[in-house]
Amino acid sequence: MSLARRVIPCLDTEGGRVVKGVNFVGLRDAGSPTQLAERYNAEGADELVVLDIAASRDERPTFLETICNVAERLAIPLTAGGGIRSLEDAQAVVRAGADKITVNSAAVVHPELLAELANEFGSQAVVLAIDAKREHRAAPDPLGGHWDVLIRGGHQSAHLDAIEWARKGVEMGAGEILVTSVDRDGTQSGFDVELTSAIARAVSVPVIASGGAKTPQHFAEIFDVGGADAALAASIFHDGVQPIGKLKEYLARQGIEVRLRC
Amino acid sequence: MSIALLDYGAGNVASVERALRRLGAESHPAMLPSDLANANAIILPGVGHFAALIRALDERRLRGPLTTAIRSGVPFLGICLGLQALYERSEEAPEFAGLAIFAGEVRALPSTVKLPHMGWNRIRVSRRSGLLDKLSESDFFYFAHTFAATELSPEVVATCDHGAPFTAVLQSENVFGVQFHPEKSGTPGARVLQNFLRLAA
């Protein structure tokens, strides 16, 4: 008896539609959030993440409506985020039906936001999202790689070390780390095993790996070698390239504990 | 049947309400002592901090009416923190007294494992309860917590294990509790809620 590894589809939404991007640029329509949510709920997704990628004030009511409609169709946990800058923003998202809140840029600017959210909702509801990009340094590093934290949708360096930031975020109240490899995102060349395992070793909370998944082998690798507790992907699920049910059957055959009966 | 859903501002009240509605059951939010007076069943959902739950119950003067209803035999289901509140106290906030329906203390799970205990896990059934009708040990349930009832007392129906065994399901006559979130646990979770509704009817 042990905790199952989780497979998590992510819906990047804008204006009430799911969109998909490659390396954070070039958006394409990928369908209706409620239809995808229903499908993933039935296929055996362990959780669902819904992000507001526009994160503009004017679009907020549309995003809250999306959360509400998605929550109505789910019997699994729902994480929502994108543009959460304050306790009030988080409360609105939770009231709309989210079980967990994910914060990214705003936590970098105001790390105390993590503590505020943890006090209000409990650490188990606070997911710190980190967009990490490998920093190439001249000298070889005996400790492995270095990753820089990017904010504002991957456009700007926060001048923070990703591992240090993950550690600090957990101290401040994050109950889970969602780490996205900016280098791998959209490439379909596999999760960043080195980055994920470095974060997983550094913190005491569960880690969700994101960015670069395509094949079932990529998922097996990030669980077995990368030490991830959960793995997140978007377009390969939306396109039907990788049906979740089949993926989980594959993982089970590799001896990885997953939830097959749903 | 009148189902009172204790609403003290916790995040998962709406989810429980939605899950009940999917089963064809209407619940009403209970925020005042009078909301509990005519309830045929009471559900206490809960996520977050032990102190926040206990403080909310006391501020709204719900502690007395709630324990009276539980002791008088009204079917009760505590979810997650709502299960933990049934004990005398919690290590998470030792200065706050729990509802003390059961003896014992809620403790933090050992730090030898990743915490919170977050995700899908299975349970080991130690004795029969109608709450687990048509469910088996191969079903997964969704957990999201750091504290748990680790002293396994007579009311335990099923345990889970994360660093240490802890109470996953309990029952003592009309009092039921689940450490997992049935409202977020797919088909098996819906079955638990359905079983509770049937037992309460």
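**Labels and their grounds**

Analyst: This is a predicted model. Start with helix α4 (residues 63-71) of chain B, whose buried residues are Pro65(B), Leu66(B), Ala69(B) and Ile70(B).

User: What do the buried residues of α4(B) pack against?

Analyst: Five elements of chain B: α2 (33-37), β3 (41-44), α3 (50-59), β4 (76-79) and β13 (175-178). Just after α4(B) comes Gly73(B), with a positive phi of about 105°.

User: Why does Leu251(A) count as buried?

Analyst: The cut-off is 20 or more other C-beta atoms within 10 Å. Leu251(A) has 22 C-beta neighbours inside 10 Å, so it counts as buried. Leu251(A) sits in helix α10 (residues 244-253) of chain A.

User: Which residues is Leu251(A) in contact with, leaving aside neighbours within four places in sequence?

Analyst: Pro216(A), Phe219(A), Ala220(A), Ile256(A) and Val258(A). Take Phe219(A): it is 32 residues from Leu251(A) in sequence, yet the C-alpha to C-alpha distance is 7.8 Å.

User: How do you know that both faces of strand β6 (residues 100-103) of chain A are covered?

Analyst: Check each side. Lys100(A) and Thr102(A) on one side are buried, and so are Ile101(A) and Val103(A) on the other.

User: What makes β6(A) a partner of strand β5 (residues 78-81) of chain A?

Analyst: Pairing takes at least two bridges. β5(A) and β6(A) have three, in the parallel sense. In one bridge, Gly81(A) has Thr102(A) of β6(A) as its partner. From β5(A) the chain crosses through helix α3 (residues 87-96) of chain A to β6(A), a right-handed β-α-β crossover.

User: In which sense does β6(A) pair with strand β7 (residues 126-135) of chain A?

Analyst: Parallel, over three bridges. Here Thr102(A) stands opposite Val127(A) in β7(A).

User: Why are β5 (89-90) and β10 (147-148) of chain B said to stand at the edges?

Analyst: Their sheet is open and has three strands, in the order β5-β6-β10 (chain B), with mixed pairing. β5(B) and β10(B) each have a single partner strand, so one side of each is left without a neighbour in the sheet. β10(B) pairs with strand β6 (residues 105-108) of chain B in the antiparallel sense over two bridges. There, Arg107(B) stands opposite Ala148(B).

User: What makes β2 (27-30) and β8 (124-125) of chain B edge strands?

Analyst: Look at the open sheet of eight strands, ordered β2-β1-β3-β4-β13-β12-β11-β8 (chain B). β2(B) and β8(B) each pair on one side only. β8(B) meets strand β11 (residues 156-161) of chain B in the antiparallel sense, over two bridges. Thr159(B) in β11(B) is the bridge partner of Arg124(B). α1(B) packs on the sheet and touches β1 (3-6), β2, β3 and β4 of chain B.

User: How many residues of each chain are in contact with the other?

Analyst: 33 residues of chain B are in contact with 27 residues of chain A. α1 (13-22), β7 (117-122), β9 (140-145) and α6 (186-200) of chain B each supply at least two residues of the chain B side. β7(B) gives the most, with five residues. By class, the chain B side has eleven nonpolar, 15 polar and seven charged residues.

Technical notes
Residues numbered from 1 in each chain as written. Chains lettered and ligands numbered in written order. Predicted model: local features only at pLDDT ≥ 70, side-chain atom pairs only at ≥ 80, totals over all residues. Helix = DSSP H or I, 4+ residues; strand = E, 2+ residues; numbered from the N terminus. Contact = placed C-beta atoms within 7 Å. Nonpolar A, V, L, I, M, F, W, Y, C, P; charged D, E, K, R; others polar. Buried ≥ 20, exposed ≤ 12 C-beta atoms within 10 Å, placed from the backbone. Axes fitted to C-alpha atoms, helices over the stretch in contact; angles between N-to-C directions. Right-handed = clockwise from strand over helix to strand, strands pointing away.
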